[in-house]
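Student: I have a model open and would like to learn how to read it. Can we go through it feature by feature?

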Amino acid sequence: MKKRIRQYIGLLSAVLAYYAVHEGAHLIYALSIGVFRQINFMGIGMQIGIYEERMSDIGLGIFCSVGVAATMITAYVLTLTSAQICKAKSKTFKACMYYITIAMLLLDPLYLSILCGFFGGGDMNGIALLLPKWLARSFFGVLLVINCVMFWKVVLLKYKEAFVEQ
């Protein structure tokens, strides 16, 4: 399979995995506390609709935080297991896992530290119910820097070696 096709498959798998993990965590939490309303499909994205009026501010803050927590846990598990993933024979599988790791490591910290100021609050609206927005954005900014370094020093190196070996 050509490199460009593997990259497209990897990018598509990253988008699907991100939504499955991030929105899946929102869905599980909403179902567990009885506030799930519907799944909203918007362009290429989706969002879990809830009955906000049935939730306290803390509950809404937790709802908005669980998606981020799920993607960060997934990112760190994928980073920690990248050496084992890179032993796989399939270049397509490795490409998918590479792009999924990037998405999990960087998307939420990037959005919640910088982009939410330009494109609307999203999860930041709920997280700001738990702590001041400036503190949350600062925290996610630091997390973004840490995750970028982790990507640069660990993930990129392991996957570069894995693709050179084949």
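Tutor: Start with burial. Buried means under 20% relative accessible area, and exposed means over 50%. Keep in mind that this is a predicted model.

Student: Which of Tyr-98 and Phe-151 is buried, or are both?

Tutor: Both Tyr-98 and Phe-151 are buried. Tyr-159 is buried too. Leu-156 sits in helix α6. Its relative accessible area is 15%, so Leu-156 counts as buried.

Student: How do I read contacts between aromatic rings?

Tutor: A pair of aromatic rings is described by two values: the distance of the centres and the angle of the planes. Here the count comes to six aromatic pairs. One of them joins Tyr-98 and Phe-151. Their centres are 6.0 Å apart, the planes make 45°, and the pair is tilted.

Student: Where in the chain do Tyr-98 and Phe-151 lie?

Tutor: Tyr-98 is in helix α4 and Phe-151 is in helix α6. They are 53 residues apart, and the pair links distant parts of the chain.

Student: What is the geometry of the pair of Tyr-98 and Tyr-159?

Tutor: That pair is tilted as well, with 5.2 Å centre to centre and 55° between the planes. It also links distant parts of the chain: Tyr-98 in α4 and Tyr-159 in α6 are 61 residues apart.

Student: Which residues make up the aromatic cluster?

Tutor: Tyr-98, Tyr-99, Phe-151 and Tyr-159 form one cluster.

Student: Now pockets. What is the volume of the largest pocket?

Tutor: Read a pocket by its volume and its lining. The largest pocket has a volume of about 900 Å³. Its lining has 37 residues. His-22, Glu-23, Met-46, Gly-122 and Asp-123 lie nearest its centre.

Student: Which elements give two or more residues to that lining?

Tutor: They are helices α1, α2, α4 and α5, with strands β1 and β2. The largest share, 10 residues, comes from α4. By class, the lining of the largest pocket divides into 24 nonpolar, nine polar and four charged residues.

Student: What lines the second largest pocket?

Tutor: The second largest pocket holds about 260 Å³ of space. Lys-3, Arg-6, Gln-7, Lys-91, Ala-95 and Leu-156 are among its lining residues. Tyr-98, Tyr-99 and Tyr-159 from the aromatic cluster also line this pocket. α1, α4 and α6 each give two or more residues to the lining. The classes are six nonpolar, one polar and four charged.

Student: How do I judge the length of a helix?

Tutor: Compare the distance between its end C-alpha atoms with the expected span. The 31 residues of α1 should span 45 Å at 1.5 Å a residue. The end C-alpha atoms are 45 Å apart, which agrees. For α2, 24 residues reach 34 Å, close to the 34 Å expected.

Student: Where do α1 and α2 bend?

Tutor: α1 bends by about 30° at Gly-24. α2 has a kink of about 30°, centred on Ser-65.

Student: What follows α1?

Tutor: Gly-34 does, and its phi is positive, near 75°.

Notes:
Residues numbered from 1 in each chain as written. Predicted model: local features only at pLDDT ≥ 70, side-chain atom pairs only at ≥ 80, totals over all residues. Heavy atoms only, no water. 1 Å grid on protein atoms, 1.4 Å probe; cavity = no way out; pocket = protein on both sides within 12 Å on 5 of 7 lines; lining within 4 Å. Points joined across faces, edges and corners; volume = space filled by probe spheres on them. Helix = DSSP H or I, 4+ residues; strand = E, 2+ residues; numbered from the N terminus. Nonpolar A, V, L, I, M, F, W, Y, C, P; charged D, E, K, R; others polar. Expected span 1.5 Å × (residues − 1). Bend = angle between axes of the 7 residues up to and from the residue. Phe/Tyr/Trp six-rings, centres within 6.5 Å; stacked < 30°, edge-to-face > 60°. Buried < 20%, exposed > 50% of the residue type's maximum accessible area, 1.4 Å probe, protein only.
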